[in-house]
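Me: I have a model open in the viewer. Please show me how to read its features.

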Amino acid sequence: MTKKSVLQLMELLIMVLVFALSACICVRCFVHADQLSRQQEQKTQAMLVAQNTAELLKAESGDLEKAAAQMGGSCQGNCWKLPMNESWDAVNEEKSAEFLLLVTKLTTDELPMGKARVQVLRDDTVLVELQIAWQEETV
């Protein structure tokens, strides 16, 4: 091999390494962007579920039992739990659930007002939390 061909070979090798390094960086950026997109999609869907639940609870004047009868889940005192799978469909067991809708009635000093907190959780991490209020019927 001549000296000139060795230099050309080294130059080619360096260019291939630079392109390979650039490709690795680009792939890593694309993977990170995909993860961010999936997380944002989950938060958006969680917000929709929380808003729908809040509207249903307001329509039922804060009656957790009636709301649970329409959407599913179980009520225990002032707490309503609805486990959901990765497709956001209600499931029976909390163990097999990907997400958990948790509605807790709050006490209030304002007499004709009822309040509640609506949360959507994933792995004990709060994705969305809403505080809602409605006017209770007075007799």
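Predicted model: local features only at pLDDT ≥ 70, side-chain atom pairs only at ≥ 80, totals over all residues.

Me: How do I read burial? Is Thr-53 buried or exposed?

Reply: Start with the cut-offs. Buried means under 20% relative accessible area, exposed means over 50%, and partly exposed lies in between (1.4 Å probe, protein chains only). Thr-53 counts as buried because its relative accessibility is 0%. Thr-53 sits in helix 1, residues 3-59. Helices (H or I, at least four residues) and strands (E, at least two) are DSSP runs, numbered from the N terminus.

Me: Which residues does Thr-53 touch?

Reply: Contact means heavy atoms within 4.5 Å. Leaving out residues up to four places away in sequence, Thr-53 touches Met-71, Trp-80, Leu-101, Val-103 and Val-118.

Me: How many residues of strand 2 are buried?

Reply: Five of six. Strand 2 covers residues 79-84 and is mostly covered.

Me: Which way do strand 1 and strand 2 run, parallel or antiparallel?

Reply: Pairing first: two strands pair if DSSP finds at least two bridges between them. Strand 1 (residues 74-76) and strand 2 are joined by three bridges and run antiparallel. Cys-75 stands opposite Trp-80 in strand 2. The two strands form a hairpin with two residues between them, and there Gly-77 takes a positive phi near 70°.

Me: How many bridges join strand 2 to strand 3?

Reply: Six, and this pair also runs antiparallel, with strand 3 spanning residues 99-106. Here Cys-79 faces Thr-104 in strand 3.

Me: How many salt bridges does the structure hold?

Reply: A salt bridge is a side-chain nitrogen of Lys or Arg within 4 Å of a carboxyl oxygen of Asp or Glu. The structure holds three. One joins Asp-34 to Arg-38, with the closest N and O atoms 3.0 Å apart. Both lie in helix 1, four residues apart, about one turn of the helix. Asp-34 is partly exposed at 37% relative accessibility, whereas Arg-38 is exposed at 53%.

Me: Where do Lys-58 and Glu-55 lie?

Reply: They are in helix 1, three residues apart, so about one helical turn separates them. Lys-58 has a relative accessible area of 36%, which means partly exposed.

Me: What joins Arg-122 and Glu-98?

Reply: A salt bridge between their side chains, at 2.4 Å from N to O. Arg-122 is in strand 4 (residues 113-122) and Glu-98 is in the loop between strand 2 and strand 3, so the pair ties together parts 24 residues apart in sequence. Both partners are partly exposed: Arg-122 at 24% relative accessibility and Glu-98 at 26%.

Me: How many disulfides does the search find?

Reply: A disulfide is a covalent bond between the sulfur atoms of two cysteines. The cut-off is a pair of cysteine sulfur atoms within 2.5 Å. A search of the whole structure finds zero. Cys-26 is in none; its nearest cysteine sulfur, in Cys-29, is 6.5 Å away. Cys-26 is partly exposed, at 41% relative accessible area.

Methods:
Residues numbered from 1 in each chain as written. Heavy atoms only, no water.
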